[in-house]
Amino acid sequence: MTTQFRYIGKHRRTKEDPRFVTGRGRYAADIALPGTKHVALVASPHPSARIVSISTDAALAAPGVLTVLTGDEFCARTDPLYVGVDAPKVTRYALARGVVRYAGEWVAAVVADTRALAEDAAELVEVEYESLPFVIDPEAALAPGTHLIHPDHGTNVLYRRKFVWGPVEEAFAKADHQLAFRATWGRSSTVPIETFGVTARWDPVAELLDVWASIQMPKYPDQTARALRLPGNAVRVHFDVDVGGSYGVKRGIKHTVLVGYLAKKLGVPVRLIEDRLENMRGGDMHGPDRFFDMQVAFDRDGTIRGMKMRAVDDVGAYAGRSPLQLGKPVGAICGPYQIHAIEYEPTSVMTNKTPQEAVRGFGQSPTNFAIERAMDRVARQLGMDRIELRRKNLIRRDQFPYLIPSGSSYDSGDYHTVLDKALEASGYPALVRMRDEARLAGRLAGIGVATCLEPSGGNASFELLFNPKNETTTWMDSCLVRVDLSGSITGVMGTSSSGQGHETLVSTVVGEILERDPATIRVIHADSLNALPSNSPVGSRMAIMLGGAAAGAARKIRDALVAIAAHNFECSPEDLEYRDGNVGIKGAPSKMLSWDQLVEIAHRKFHKMPPGLDPGLQAQFVWEVPTGGGVPTQDGRVQMYPCYAFEAHVVYVEIDPDTGKPSIRKYVCGHDCGVMISPDIVHGMTYGGIAHGIGASLYEKFAYTEDGQLASGTFMDYLIPSSMEVPDIHIVDHCTPSPLTTFGQKGSGEAGYLGAPAAIANAINDALDPLGASIDTLPMSHLALWETITKATKM
Amino acid sequence: MKAAPFEYVRAGSIGEACEVLQREGDAVKVVAGGQSLIPMMAMRLVRPGWLLDINEIAALKFVAMDKDAVRIGACTRQSTVERDQELAARVPLLRQALAWVGHIQTRNRGTIGGSIVHADPCAELPLVARVLGARMVLRSTAAARTVEADAFFSGPMMTATDANECLEEVQWPAWGERRTGSAFTEISNRHGDFAMVSAAAQLSLGDDGRCVRAAFGLGGMGQTPLAFPQLAQRLVGTRLEDEIVKSVAHDAAAQSDPGSDLFATAAYRRHLAGVLAARVISAAHAQAGSKG
């Protein structure tokens with residue numbers, strides 16, 4: 001498939017790497033405006049308390065201090081932040097007003113000449129608190145009579161609904177067997193090297209707020225303006241700031257509203273760059289914290305008849321879009337399997353913890369983990385091979401497009417082949433022998449397999465599904481392509497990038513269509529006032545959406561060039577041939593207008609332009625998500641994302657039985673995201689995604705103490721795997737093109753992460769199987785593994 | 001994460017450093033590699049009035065081979081020591097332990113003296129110092145004195161160093177026995193993290209294969225790194241059979257009183273201590289035996 005392309009799918013130097021590798025990235029902390037003042041924050045030490053009084057006198061008297069802002073002033077003069085579900089009383093501002101709801105919540109902001117002076121003064125802000133009851137455990141938060149995080153809301157439940165898709169009770173009644181278990185996903189996140197940072201400057205004459213931020217957020221300029229009670233065109237977000245890692249979490253809306261307010265109030269540029277402690281505790285960037293009560297009905301031949309999934313997700317003390325992370329998995333609720341009857345009960349609950357933010361996969365990886373644990377448990381109960389069970393239930397390649405019970409149609413796939421390729425690359429029979437020999441030698445060894453989906457092409461269907469008052473049915477993206485007088489091409493995109501390689505994407509796609517070398521094509525980021533309607537690089541959508549938009553714009557340029565040639569040759573466009581940017585008459589090589597000649601006509605020679613064609617040479621293309629625009633049915637069926645990438649993981653682990661220490665000895669990932677525009681970028685994403693999944697499954701957790709304090713607020717305790725923990729990873733590509741996209745591409749920004757935790761959990765459980773032990777709680781720390789082993793061997 | 005205000009002074013000589021310590025006493029923190037101190041200052045967990053920088057003092061950077069010991073200047077980088085082949089032959093346990101100290105990058109800055117004076121009960125070098133019976137030379141304006149490791153480490157992050165004193169050098173005993181073996185291991189969640197439990201052992205065999213000298217210890221199991229000279233003595237005269245090794249390791253674990261934290265309960269630590277102590281004694285035995 002890829003051979004038909006000139007640039008797509010080829011190993012070419014990316015546009016971004018030279019800048020990053022040579023240290024020429026321009027990040028939020030590199031924005032140094034003259035006269036910038038710096039913010040430090042006063043954070044609540046209590047998980048739940050009433051603010052009795054705040055004394056700022058000593059802080060204000062400290063050297064270099066401009067102001068100390070508290071919630072009373074700030075909340076009166078700004079509007080609360082957006083809530084993703086229908087919970088208007090769950091108000092949220094950057095600064096607490098009256099009460100604090102988690103340890104680390106911001107209570108006051110100090111602005112001073114330097115960050116160090118601001119921190120000195122922040123220590124002098126005296127806050128008197130009166131402790132209130134608090135709740136950390138999500139099940140306790142659901143219990144009647146418990147402490148309410150937001151009393152005006154009347155409950156700690158932000159969202160709950162029971163969806164029934166298909167004949168669930170019938171499936172359970174007729175199935176030969178059932179099983180039930182709980183799978184628990186620990187509170188982890190994507191923790192970027194660069195914390196969130198933002199600089200804002202208010203121009204009182206132009207009445208314009210300029211914002212430079214480390215941002216990856218849909219509707220960020222709009223939400224900033226609304227919260228600051230400014231017109232949308234009074235906020236200009238500069239999207240050309242490099243972002244040092246995100247994968248979902250770089251939302252920073254509360255930071256931005258705070259800094260925007262301060263910049264406007266003080267009339268000077270103001271900057272807030274979170275330090276690591278603020279980022280981990282008060283940056284509102286924790287990921288899903290979720291348990292699943294799973295029930296599966298299945299026949300003795302391994303056919304899965306039905307599944308019931310109750311998912312309880314602890315979003316912490318406030319809601320942004322986080323409850324919607326229970327909604328996105330509706331689009332792939334049965335995984336890659338033919339399961340016709342599904343009950344899904346998502347419950348979003350608040351506790352006195354740091355708020356949750358979007359994390360890579362938007363809730364899909366925890367769901368995949370639960371489904372894949374269920375598959376292994378079914379196989380174990382039946383005494384059936386786990387791979388055979390999967391083969392039996394996987395959707396076959398002749399069944400696409402495949403409509404799942406919750407209303408989404410899967411576009412394409414060849415799951416059996418990808419699984420087979422991954423098994424082959426792993427040397428599976430030898431791997432089994434290795435495991436069995438290790439077991440004979442007294443070691444704990446296991447093989448894990450997981451087959452998972454990555455929904456891609458993000459639209460907003462879950463917003464409607466989870467909030468009837470929300471009628472967002474478009475999540476368009478756009479691109480502007482411009483050819484200047486010299487014949488050079490520039491692509492303009494309308495959002496920031498957070499490491500996904502969009503400049504490579506746009507230049508490759510435009511180069512492909514226009515048959516011009518992508519290395520010569522420049523790609524820039526418009527600011528938000530210049531940008532065409534765009535969302536942001538979330539939901540594994542940009543290869544599809546920005547790639548489609550860039551291709552659409554480039555096609556318009558190409559059509560214009562052909563039209564100019566046709567006008568000058570006085571022939572029909574059908575008689576012409578476009579090659580390398582030149583346009584000539586088919587079969588008559590001498591009759592040709594070169595790229596340079598065509599560009600000059602477009603820019604200078606109006607007399608040679610065909611009627612109706614604008615002079616100059618630029619084109620824009622706004623693209624709606626393929627299959628998008630639908631609204632949910634009464635029973636909650638809706639088409640979510642358009643495209644479905646597939647991954648099959650095969651992992652070999654050993655656990656030291658005496659210490660509980662796991663080690664991953666082999667890692668293979670079979671991956672099919674359709675046509676890869678840049679294979680190197682796809683592979684890079686996948687390597688990183690697997691490393692991230694290793695973290696979520698074995699190491700990373702935002703743990704809380706019984707007294708409501710974050711116990712893992714630094715990199716000493718929040719354990720991101722290093723190169724010492726991540727093994728060699730072997731990726732096996734496969735390509736099933738999507739019929740819905742420009743080149744057959746699907747998304748891949750979440751690749752690896754969506755299956756790695758499931759595969760590793762299955763491998764660990766396979767290793768524990770000879771002991772009759774199992775573990776279904778992530779992360780599976782050394783301690784947890786040792787305790788599991790000890791408990792089993794003592795029985 | 002900006003340090004609270006402090007005065008900074010860079011000493012050009014040991015004498016100059018001692019004068020600052022004499023004058024400012026408790027208010028001073030000495031910085032060398034800064035791999036532990038600077039993050040603690042950035043988090044404002046430590047707030048020195050004065051930061052005394054000894055990085056420019058050449059007299060504190062040396063590795064000297066004496067007859068019975070290797071003397072290492074306090075400000076000698078860990079990576080320098082790690083790459084010293086002669087030292088590796090004389091005090092192999094030190095080299096083995098250094099591989100577990102942080103990462104290559106941190107060892108390029110971190111110093112031998114800094115790790116010893118920081119006295120983290122989980123840290124590798126204090127454990128080796130305890131097991132081998134290293135001697136710390138402490139200098140003040142008035143005099144120098146030598147403190148044995150068992151008296152030096154007085155509690156978590158606490159040592160016998162007086163407020164007016166600066167660690168000048170560490171003397172690591174070199175064993176003369178030909179058939180000497182050593183081993184170091186630890187369990188941490190990730191490589192380079194602070195150990196949940198660490199273990200070190202060094203022992204020598206006679207020509208008949210019997211143990212003639214033994215030392216071992218455990219880190220992360222109490223307020224300071226622990227050595228077990230009496231239990232080690234039980235190994236002497238034996239052929240280090242599995243039963244005696246396990247018994248000694250078990251007793252060492254049982255004698256310890258570790259704490260619990262996020263990553264390890266006391267029970268887990270005690271279990272690991274028994275496992276790791278047995279492993280290092282056996283590994284040291286195997287190494288010594290290979291010098292047949």
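Begin at the boundary between chain A and chain B, where six salt bridges cross the interface, a salt bridge being a side-chain nitrogen of Lys or Arg within 4 Å of a carboxyl oxygen of Asp or Glu. This is a predicted model, in which local features need pLDDT of at least 70 and side-chain atom pairs count only at pLDDT 80 or more, while totals for chains, interfaces and linings use all residues. Residues are numbered from 1 along each chain as its sequence is written, chains are lettered from A and ligands numbered from 1 in the order in which they are written, and side-chain values use heavy atoms, with hydrogens and water left out.

**The interface**

Select A:E123 and B:R44, which form a salt bridge whose closest N and O atoms are 3.0 Å apart. Then widen the selection to the whole contact (heavy atoms within 4.5 Å), to which chain A gives 30 residues and chain B gives 26 residues. The two chains bury about 2,300 Å² between them, 61% of it on carbon and sulfur atoms; buried area here is the accessible area, with a 1.4 Å probe, that two parts lose on being put together, summed over both.

**Chain B**

Colour chain B by its domains, whose bounds come from an automatic or database domain assignment: domain 1 covers 7-53, domain 2 covers 58-173 and domain 3 covers 180-289. The C-alpha centres of domain 1 of chain B and domain 3 of chain B are 35 Å apart.

Next select helix α8 of chain B, residues 124-132, which is largely enclosed by the rest of the structure because nine of its nine residues are buried. Helices (H or I, at least four residues) and strands (E, at least two) are DSSP runs, numbered from the N terminus, and buried means under 20% relative accessible area, exposed over 50% and partly exposed in between, with a 1.4 Å probe and protein chains only. Among the buried residues of α8(B) are B:E124 and B:R130. Just after α8(B), look at B:G133, which has a positive phi of about 70°.

**A sheet in chain A**

Move to chain A and show the open sheet of three strands, with order β4-β2-β6 and antiparallel pairing. At its edges stand β4 (99-100) and β6 (126-131), each with a single partner strand, so one side of each has no neighbour in the sheet. Strands pair if DSSP finds at least two bridges between them, and β2 (residues 49-55) of chain A pairs with β4(A) over two bridges. In one of these places, A:A49 has A:V100 of β4(A) as its bridge partner.
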